[in-house]
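Welcome! Here is a short briefing to read alongside the structure, grouped by topic.

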Amino acid sequence: MATTGRPRAMSGTIPSMESSAHEALKDNTIIVVLGASGDLAKKKTYPALFGLYRMGFLPRDVKIVGYARTKMDDAEYHKRITSYIKVADDDQEGKDKVEEFKRFSSYVSGGYEDAPSFANLNRTLEEIESKYQSKERNRLFYLALPPSVFIPVAQHLKEQCYSNDGKNRIIVEKPFGKDLDSCRVLLSSLKQHWTEDETFRIDHYLGKEMVKNILVLRFANTAINATWDKNSISNVQITFKEPFGTEGRGGYFDEFGIIRDILQNHLLQVLSILTMERPVSFSAEDIRDEKVKVLRAIPPIERNDTLLGQYVAANGKPGYLDDDTVPHNSVCPTYAATTLWIHNPRWEGVPFILKAGKALNEAKVEVRIQFKDVTQGIFKDISRNELVIRIQPSEAVYLKLNTKTPGLNTRAIPTEMDLTYKRRFTEIKIPEAYEALILDALRGDHSNFVRDDELDVAWKIFTPILHWIEGKNGPAPKPVPYPYGSRGPKELESFISKYGFKRTVPEYTWPIMNVSAL
C-alpha cells in the first residue's frame, strides 16, 4: 500500500492556518460582554461562550464580565445569560457545567457614554486581575451593542479599561455603517483608539462550517478547481430564505432593509470566498488580500440588475405593512435579488445573483453553481450540471450530474453525488458560527473577520443602489408584492432566466426517482 511518506496524523493539515501560539490568549484573560442584557448577547454570545467552555476551548481560569445599562443582581443576570443555553434533561454533566459557567460570570451595570461608568468597570476588572499569579493581563471586549454607541464605547474602553500588561482585543458586530460615508466615519473613529490588529469585525457567516469549507473545496480539489471559471460556469446564485416576517421588529428592519441586513455583508462575503484567486497561503492577510482584490473588480450594482419585493398578507399571516412598527407607506424591500458582475479574466461575463428574502416558503441558505450546456449534437434537452453548497440547514455539498437510466433504455437522466454531513460523518458536532469566531478572536486569527478595506469596497458596490431605493436620487422604486409563505415575487423566474439560469428537467425528483415513471 502506498504511503505519503509522513505520519498519518499530518495528512491534510494546513500549516499556514495554524495561528502563532504566542497570539493565543491562554491564561489571565477576562472576556467582557458589553450589551450583556440584550437579545444578541442572550441568544448568541453567551451560548457560544458556554459551548466553548464545555468543549475546553476557553482560556484557563477565564472570567466573564457582563456590562449593560440594565440594573440587575447576579441571580437575574445568571438567569438571563443561561436562558438560551440548551442542555438535555438527562444531561447531568451539562447542568453541572452551566453552574460552573455561572460561577465565573459576573455583572456590572453602567452607561455607554460616560467615563465614570467605565472607570467603575475597570475597577472590577482590576479586582479580578489582582488574584493573578503573573503580571500578564489579557482583555477581550465583545460589543453586542447597537452601532449608535460603538464609537463612545470603543473610546471609553481604550481610555479607561485598556490593559497595559497584556493583549487587548475588541469584537465589533455589524452593521458597520449604513452606506460608504457612514462606514468610513465609523472606521476612522474606531481607528483613533484601536489598531486593525486589535479589531475583530464579526460577520457570523464567515464562521459557518460550509462557508469555511469553500476554501478547502476549491483549492484542495483539482477536479473542482479546473472548472472554476467563465469557460465552464454559466451562472451562480447565492440564496438566503427565511420563513418568517419581521414579527413586530419591523421598525428596526425598516431602517436597514434586506440588502443591508443580508446581501451587502453575509452574501457578499460568501461571493468573495467563492470567486477569489488562490492565496499565497491560508494565513489571514493572504486570504483577505485576495478577497479585497476580487471585490474591487465588481462595479456598483445597476438598477436594471435588481428585483425588489415586499411581502403581503397570505396564508393567515400578516403583510409587512400590517406590522404596527412599520411606517404605513413604507417601500422598504423585504426581498431583493441583485446581479453582480466581476470584471477579471476568470469571471468576465458570469452573472452572480444574490437573493434574500423574508416570509418565504422555507429556511435555507445555499450556493448554486450552474455549469454551461454540454456541446450539442448527441443529447437533446439534457440538464446542466450544478454544484450546490447548502450552508444551512442540514449542511451538504452535492453535484447534480447526468447518468444513464438504469435498465435496457439508453437515456440520460439527472441525479446527484451527495455529501450530506449528518449522513457521512458520525459523532461530530458542527460548531455554531459564534463559537468558531470567538475562538478565532481568542487565538488572534483574523482570517474569518472583515478587514477595513474590505468593508470600504463592499459599500462602494451597494451604496448607489441603496441611495436609489431610499429615494435620494429621484423617486424611490416601489417593490413588487409577493404572498407570505411563497417562493418570492412571481417576477423572479424571468429575472434569473434572463441571466441564463435553466431549471433541471421536470422529470428530476429528489431524494428518490421512480424510473418506471420516466
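V374 sits in the loop between β11 (364–371) and β12 (386–392); helices (H or I, at least four residues) and strands (E, at least two) are DSSP runs, numbered from the N terminus. This is a predicted model, in which local features need pLDDT of at least 70 and side-chain atom pairs count only at pLDDT 80 or more, while totals for chains, interfaces and linings use all residues. Residues are numbered from 1 along each chain as its sequence is written, and side-chain values use heavy atoms, with hydrogens and water left out.

**A surface patch**

- V374 is partly exposed, with a relative accessible area of 40%; buried means under 20% relative accessible area, exposed over 50%, and partly exposed in between (1.4 Å probe, protein chains only).
- Together with I378 and F379, V374 forms a nonpolar patch on the surface, and the three have about 310 Å² of accessible area together.
- Patches are made of residues with over 30% relative accessible area and no salt bridge, where like charges are joined within 9 Å and nonpolar side chains (Val, Leu, Ile, Met, Phe, Trp, Tyr) within 5 Å.
- Accessible areas come from the Shrake-Rupley method with a 1.4 Å probe, and for residues only the protein chains shown count as cover.

**Salt bridges**

- Side chains of opposite charge can pair when their charged atoms come close.
- The structure holds 38 salt bridges, each a side-chain nitrogen of Lys or Arg within 4 Å of a carboxyl oxygen of Asp or Glu.
- One of them joins the side chains of D27 and R60 (2.7 Å, N to O).
- That pair links distant parts of the chain, 33 residues apart: D27 is in the segment before β1 (29–34), and R60 is in the loop between α1 (39–55) and β2 (63–68).
- D27 counts as partly exposed at 27% relative accessibility, and R60 counts as exposed at 53%.
- K364 and E362 also form a salt bridge, with their closest N and O atoms 3.4 Å apart; K364 counts as buried at 18% relative accessibility, while E362 is partly exposed at 29%.
- In the salt bridge between E435 and K429 (3.3 Å, N to O), E435 counts as buried at 6% relative accessibility, whereas K429 is exposed at 52%.
- Salt bridges that share partners join K241, E362, K364, E366, R368, E386 and K400 into one network.

**Cavities**

- On a 1 Å grid over the protein atoms alone, a cavity is a set of points where a 1.4 Å probe fits but cannot get out, and lining residues have an atom within 4 Å of a point.
- Grid points are joined across faces, edges and corners, and a volume is the space filled by probe spheres set on the points.
- By this rule there are three cavities of 30 Å³ or more.
- The largest cavity holds about 90 Å³ of space, and of its ten lining residues K212, L215, I273, S447 and N448 lie nearest its centre.
- The elements giving two or more residues to that lining are α7 (209–219) and α10 (284–295), with the largest share, three residues, coming from α7.
- The second largest cavity holds about 80 Å³ of space, and its lining includes F176, D203, Q264 and E454.

Notes. 1 Å grid on protein atoms, 1.4 Å probe; cavity = no way out; pocket = protein on both sides within 12 Å on 5 of 7 lines; lining within 4 Å.
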